[in-house]
Amino acid sequence: MKIFFLFTFLTFLLSAFEQVAAYAHYDKILTHSRIRARDQGPNVCALQQVMGTKKKYFSTCRNWYQQAICGKKATVLYECCPGYMKMEGMRGCPAVAPIDHVYGTLGIVGATSTQQYSDISKLREEIEGRGSFTFFAPSNEAWDQLDSEIHRNLVDNVNIELYNALHHHMLNKRMLTKDLKNGMTLVSMYNGQKLLINHYPNGVVTVNCARIIYGNQIATNGVVHVVDRVLTAVGNTIQDFIEAEDDLSSFRAPAITSGVMDILGRPGHYTLFAPTNEAFERLPRGVLERIMGDKVASEALVKFHILNTLQCSEAITGGAVYETLEGNTVEVGCDGESLTVNGVKMVKRKDIVTSNGIIHLIDQVLIPDSAKQVIELGGAQQTTFTDLVAQLGLTSSLRPEGQYTLLAPLNGAFSDDTLRLDQRLLKTILQNHIIKVKVGLNELYNGQELETIGGKLLRVFVYRTAVCIENSCMVRGSKEGRNGFIHILRQIINPAEKTLHEMLRNDKRFSIFLSLVKAADLDDVLSWPGQWTLFVPTNDAFKGLTDDDKDILIRDKNALRNILLYHLTQGVFIGSGFEPGVTNILKTIQGGKLYLKTVNDTLLVNELKSRESDLMATNGVIHVIDKLLYPAELPVGNDQLLTILKKLIKYIQIKFVRDSTFKEIPLTFYNPSITQLTKFIEGEPEFKIVREGETITKVIHGEPIIKTYTKIIDGRPVEVTEKKVTEERIIQGPEIKYTRITAGDPDNEEKLKKIFEEEVTKVTKFIEGDGHLLEDEEIKRLLQGAGTEYTKVTKVIEGEPQIIEREIKKVHLEG
């Protein structure tokens, strides 16, 4: 029981400490400053001062090690920490500053202008007397920077205006920086005016966006914090400001129509980067009209200018990323005295304080990706692609109301030879990079097929650290626009046109390898649909192989199959899909293992360089090598075969175990046979005569294949199981169809029967190479006036079955 009580107490104590620490960023940063200056003596703090200015900061680790604040070089200063003083002849700051009432403390911290104004405004008596106060005292520089007209009005009316202004800087209770919590609203001593407190993780504490530059100077009747500007009164809401400000009329219109204006009238802690009328005038008219005419896009545009956090300019000492109400992020930073948004100086006026947030006026409109057309999403690294799409007239295909996916190669993917191609061919290439539907990264899965606007089907391959479309893999930078996604690819996509077998047959470099494939009865493997990765040795790999050697290889079919099938793996593995420098182990059809990795964009197979990789076929991919592969662990038991292999393979030591034999590899790893007739395909009941070249088909279902693949869900690879059923459509024709009439003239029915019987005879002759089919006008005439009831009768003249197409149906079994 004691242990439980002790655990509960410690948990409470720890949570209480964490809550305090969360609002003590200023004190934490101050402690770091003391540590950095420990060599200077006791109670010394290290500060950074922006060169060319008087601005000083107790710095974060990031600013300290960068030796810069807001991109400007900063020098290191050593000063007494708040509350301490130097003593003559002694190191550091060993003495405690004298404690006095608030009025006297103003002099101790160097806020002599505030002290003087307190004196002439009759505030002195109050802050020297009884009570507990917090005074946010403007520094001398803050008074100097105040607008001259405002300053003059205050000094000219010291008993009212100046007195009230000073009371606006005061609280009627003592609050140290640790008590000033982020998002807190306090009531000043003037007319209940609000003071908005923000306490940032970088140690900056602001009051109505004025930064505390010297805090926690304890007085007998309170505490003094020196701030870097004279506090301005808090206005009404952000909505009120927008409605009253003429220079924001262009922003006001979409804010109202989108309904976002109401949000800006509610309590909150918002930051609005408000584009001026001039900013909207800079937009191309077509872009502006399109966005303003689209409620979804205009709402996204307005929300993209709003942060759900309050970011005063003085709190920004380096770049940071913030989420907008639209959902995407912006980077807010600084460059000297200027605020930047996404790296661009655009803030004209900053820190307009309202009751529910801060407004910064900017001279550019921020357009989020969600309000852009998909073609507008291309960045600086995809300009070649986007420019070509425009030049070749493909932008007209990307309708605003449509849904598309652009697969945009990097600029470097377009070689000079590619750019010199005939424009019609170049247009075809670009069409292969535009998908008909909108597909996000997390919707892509292995084995998926995507149809382009050019009618091509592109395959998707998902690997551990990469997603590839055909031969080209994606790089970071996918974006979603109003009418589609854009994904960035390393290379131009080369859709597959031929099977593995056709590619080998059409390339003389592979003639020897192909002849061995044929001798091993493996032609069909490389011809049939499938998902294969084939490592193909060129003819150079067979240098020294004589015709006699080849005959010996061919005679031992088991040995030949073992060697050849060691070059084949199940699945499509793109070279650039492998994680660089990491070894990937693939099991071959032969049973041995291949070790693959990429080094400096070169694919290595068993440490052998692939001379050319990622040659896409309709049923797989080819990687070209100049050596014959052989499983090192597989022994040879035949002297003749060993001699042949030693001629060809010199990069490994081949084992010899006399009389050992190669295992038989049955061709059951692929199944081209027809297994079951499941249905007969016919159209709706109709009158039809099939003419020359027309056939009927039967659908044959192959054995179902259960397959597991990887799908990207929420940015993470997830395994999904799928059932594949192969259908083969078989020519069974030609066919004669006619409709038996059950209502109408009986004589007509007899005539029709006779005509069809004659047609059957003619079709038979046609199959034998003679005769032609009767035109059907007479039959149509006889059918006119027939009743609506009919019965379908089909007569078929069987021909030799021939496979004309194969369809694969997929069923998801589990997620």
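This is a predicted model: local features need pLDDT of at least 70, side-chain atom pairs count only at pLDDT 80 or more; totals for chains, interfaces and linings use all residues.
## Disulfides in this model

A disulfide ties C80 to C93, with the two sulfurs 2.0 Å apart. The link brings together distant parts of the chain: C80 belongs to strand 4, while C93 lies in the loop between strand 5 and strand 6 (95–96), 13 residues apart.

How buried are the two ends? C80 has a relative accessible area of 19%, and because buried means under 20%, C80 counts as buried. C93 is buried as well, at 0% relative accessibility.

Next up is C45 with C81, another disulfide, its sulfur atoms 2.0 Å apart. C45 is in strand 1 (residues 44–50), and C81 is in the loop between strand 4 (72–80) and strand 5 (84–85), so this pair, too, links distant parts of the chain, 36 residues apart. Both C45 and C81 are buried.

Here are the bonds with their values:

| Pair | S to S | Angle about the S-S bond | Handedness |
|---|---|---|---|
| C45 and C81 | 2.0 Å | 105 degrees | right-handed |
| C468 and C473 | 1.9 Å | 85 degrees | right-handed |

With the bonded cysteines of the protein chain numbered in sequence order, they pair up as 1-4, 2-8, 3-5, 6-7, 9-10.

Technical notes. Residues are numbered from 1 along each chain as its sequence is written. Side-chain values use heavy atoms; hydrogens and water are left out. A disulfide is a pair of cysteine sulfur atoms within 2.5 Å. Helices (H or I, at least four residues) and strands (E, at least two) are DSSP runs, numbered from the N terminus. Buried means under 20% relative accessible area, exposed over 50%, partly exposed in between (1.4 Å probe, protein chains only).
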